[in-house]
Amino acid sequence: MNNFTYRNPVELVFGKGTIAELRRLVPQGDKVLFAYGGGSIKKNGVYDQVRAALEGREVLEFAGIEPNPRYETCMKAVDLCRKEGVGFLLAVGGGSVLDAVKFIAAAVPFQGEPWDILAKHARVEAALPLRSVLTLSATGSEMNGNSVISRDETREKLAFYSPLVYPKFSILDPETTFTLPPRQTANGVVDAFAHTMEQYMTYPADAPLQDRLAEAILSTLIEIGPKLLEHPHDYQLRANMMWTATMALNGIIGLGVPQDWATHGIGHELTALYGMDHGQTLAVVMPAVWRFKFADKKAKLAQYAERVWGVLGTEEEKARAAIEKTEEFFRLLGVKTRLAEYGAENAVEQVPPRLAQRGVVLGERRDIGPDQVREILRLCAA
Ligand code: NZQ
Ligand code: ZN
């Protein structure tokens with residue numbers, strides 16, 4: 001196992017009716033920017049619950065944060081926060097709203113061009129405090145310090161991490177996710193599954209606890225994923241999904257082990273170029289990364305096949321079955337697994353030069369450069 005340090009400062013408030021806790025948890029006095037997306041919270045009653053809990057506070061609203069949040073939109077909120085002297089931010093929505101609010105929080109006090117936080121990894125020295133109410137189980141953004149922002153002008157989608165942008169608290173009421181459309185529910189299952197795999201599907205690292213925690217998350221997603229699509233209003237299923245997705249990317253399963261993240265790196269390019277949903281890109285790319293890196297990942301693929309899917313056979317047979325089973329699972333959820341199904345075959349030629357320009361290398365061995373990405377994209381083209 002590798003050395004690690006771990007600190008996660010997020011207070012999680014989980015369960016039915018917990019949005020009302022905002023009243024107790026939100027500090028008095030500070031002006032709050034209440035940020036949300038395209039309006040789903042107005043249709044499902046979450047907006048009303050938040051407004052009721054914030055009654056008597058000085059609240060400014062910022063609506064219209066889009067999926068794959070845009071830098072241009074975030075900067076409008078930054079201007080508003082600076083002008084109005086906002087004290088803290090409250091994100092209410094899915095990963096996109098949370099990520100946007102993290103970036104806004106870092107950008108408000110930032111000296112210089114805030115895009116540098118994403119493009120040049122400029123150090124975040126200060127950030128406004130932020131808090132969240134989550135309405136979509138997928139990203140883990142509610143309990144981590146990551147944020148991913150897109151820029152229209154340059155068609156880029158870039159990420160940053162800072163310990164200063166963990167939410168102070170996150171409210172997770174599973175009932176808020178009852179209204180998710182099937183596509184978002186399925187994307188969420190795939191995303192949490194992929195987060196687990198990015199921290200697991202590498203090479204054996206003598207970390208049996210991390211392995212078994214990851215396998216527990218994968219088994220849970222396989223068990224509840226299809227049921228969620230059939231029973232979107234089942235509280236227990238939604239609650240289990242919410243907690244499982246949080247556990248997939250709050251840092252715990254990745255402690256002391258090698259991590260891959262090639263699928264996410266390539267996936268962000270597909271979203272930036274073709275507008276594919278984040279979950280859709282992962283379902284296409286991940287099986288292809290495994291096929292391309294089959295020799296390096298064979299031992300863990302076989303372990304996963306046996307422990308999670310109950311497959312028996314030689315190491316080779318189990319490892320091959322692991323890839324097939326995973327693809328079948330994504331397709332069972334209704335998420336397609338080929339670029340051609342999204343009309344995005346051009347990625348084979350368009351993505352590698354973009355990565356070359358930024359000097360990107362990916363994978364747990366840092367040996368996936370633009371040429372290898374081209375091969376991976378060929379494997380999932382048609
Ligand atoms: O905008 P509204 O109207 O709220 O609608 C949203 C949006 O259209 C809708 N939605 C959210 N909650 C709903 C709901 N509809 C009905 N009922 C509800 N309860 O769902 C649509 C998608 O929302 P979005 O926030 O974009 O989805 P998700 O949570 O999957 O977030 C995706 C973003 O997170 C990034 C992705 O790259 C992408 O930009 N990620 C963030 C990570 C992190 N911070 O750690 C890690 C991930 O790997 C990922 O990269
Ligand atoms: Zn993801």
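Visitor: Which residues is Tyr304 in contact with, leaving aside its neighbours within four places in sequence?

Guide: This is a predicted model: local features need pLDDT of at least 70, side-chain atom pairs count only at pLDDT 80 or more, totals for chains, interfaces and linings use all residues, and side-chain values use heavy atoms, without hydrogens and water. Residues are numbered from 1 along each chain as its sequence is written, while chains are lettered from A and ligands numbered from 1 in the order in which they are written. Contact means heavy atoms within 4.5 Å. On that basis, the partners of Tyr304 are Phe193, Met197, Tyr200, Met201, Leu218, Trp290, Trp309, Ala322 and Thr326.

Visitor: At what angle do the axes of helix 11 and helix 12 cross?

Guide: Val289, Trp290, Arg291 and Phe292 of helix 11 meet Phe294, Lys297, Leu301 and Tyr304 of helix 12. Axes are lines fitted to C-alpha atoms over the stretch in contact, and angles run from 0 to 180 degrees between N-to-C directions. The two axes come within 7 Å. They cross at roughly 115°.

Visitor: Which residues coordinate the zinc ion (ligand 2)?

Guide: Donors are N, O and S atoms within 2.8 Å of the metal (3.2 Å for Na, K and Ca); water is not among the atoms, so sites may look incomplete. Here the distances are 2.0 to 2.1 Å, and the spacing along the chain is D-x3-H-x68-H-x13-H. The donors come from Asp191 (OD), His195 (NE2), His264 (NE2) and His278 (NE2).

Visitor: How many residues apart in sequence are the parts tied together by His264 and His278?

Guide: Both histidines are buried. His264 lies in helix 10 and His278 in helix 11, so the pair ties together parts whose separation in sequence is 14 residues.

Visitor: Is Ala319 buried or exposed?

Guide: Ala319 sits in helix 13 (residues 315-332). Not counting residues up to four places away in sequence, Ala319 touches Phe294, Lys298, Leu301 and Ala302. Its relative accessibility is 0%, so Ala319 counts as buried.

How values were computed. Helices (H or I, at least four residues) and strands (E, at least two) are DSSP runs, numbered from the N terminus. Buried means under 20% relative accessible area, exposed over 50%, partly exposed in between (1.4 Å probe, protein chains only).
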